[in-house]
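Hi,

Here is the structure I promised to pass on. Have a look at it first, and my notes follow below.

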Amino acid sequence: MEIRMSSPRVLATDTTSHSRQRAQAQVHREETEPLNPGWLRTFMEVYRTGSFGGAARKLHISQPAVTHQIRLLEERVGTRLFVRQATGSKPTPAADSLAHDAEGPVDALNFVLQRYSSSGGPPGRIRIGAPGDLISDRILPVLADLLLDSVQLRTTPALSDALLSQLTAGELDIVVARTRPRVTGISALPLYDEEWSLVAHPDVARTIPEKHLARKAPQILGGRHLIACAESLPLIDHYWWSVFHTEVPAAPDVVVPDQRAVLAAVKASVGIAVLPTYLCADDVAQGALVPLVRPEVPPITTTYLATREGDVTRSQMSAAHSRLLEHGRRWT
């Protein structure tokens, strides 16, 4: 009986072909299968805590499991997300971008999981600090549903620097700040861009020579009473540099730590002020206030949503954080 053997060359070719087919099938599965949300939860914990070990402790899993999930996620997105260092894990620009997109959905998922797996208990308490006008006009309407869902809310109206100090000290859970937080241990995400207007009461505006205003605005306006929220004038100074390309010529004449009080003082003809455009838009439309200048590109500042790093874990706090992010990016 004759026995015929396949040639080694043919077997090698067949093996190579099968390997290629398996690789193509794997790529196809990776492209068609949905992204594992558990990887994103792990990613957000590494991003917030700044270390694989910290994320493992938060998630109650082993550090090798965290490493494995991050490696799978990196393979899926096609880029490196963290650089391991002696002091922790530094996020790459790709990680910053992914965190910006994933934080809200991941926190919302955590909220659902915790809400339906909990056994009840006392209502959660959320401590939020923000400028007073943002609390009344922006934050409370957004969080109304949570307040009906057995959540206790405590608000602290104050200027951003004071609020960030309280956040660092553990006295607040969430802060909406009109200045960029540069505090160790504080995580901040851009919430929305806020436009600013320089306004006055019509009676005050009539005393300002409009024909010379465009050319000599800093000198002319420097002689008017200036109303501000703080002695340091961070927002007014930003407006002056953006529009007039110079610093504010003098200290404010009136300081009240609430933009709504500034608005009231301007409407009472006390002086001029730089206000959030949203806050004075109705009065401008009705003629109760007058914009003193109309720059082609209005000055804009970014408002931030700040928390302590790795602290968005409680279900109610996570829900509030996600709700503010969701709605804040639609504010103007």
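The largest nonpolar core has 24 residues, and Ile139, Leu143, Ile174 and Leu324 have the most contacts inside it. By nonpolar core I mean buried Ala, Val, Leu, Ile, Met, Phe, Trp, Tyr and Cys residues joined through side-chain atoms within 4.5 Å; buried is under 20% relative accessible area, exposed over 50%, partly exposed in between (1.4 Å probe, protein chains only). At least two residues each come from S3 (124–130), H6 (132–142), S4 (151–157), S5 (174–177), S6 (186–200) and H14 (315–328), with H14 giving the largest share, five residues. Helices (H or I, at least four residues) and strands (E, at least two) are DSSP runs, numbered from the N terminus.

This is a predicted model, where local features need pLDDT of at least 70 and side-chain atom pairs pLDDT 80 or more, while totals for chains, interfaces and linings use all residues. Residues are numbered from 1 along each chain as its sequence is written, and side-chain values use heavy atoms, with hydrogens and water left out.

Now for Tyr192, which sits in strand S6. Why does Tyr192 count as buried? Because its relative accessibility is 4%. Beyond neighbours within four places in sequence, Tyr192 contacts (heavy atoms within 4.5 Å) residues including Leu134, Arg138 and Trp331. Its C-alpha lies 8.7 Å from that of Leu325, 133 residues apart along the chain.

Cheers
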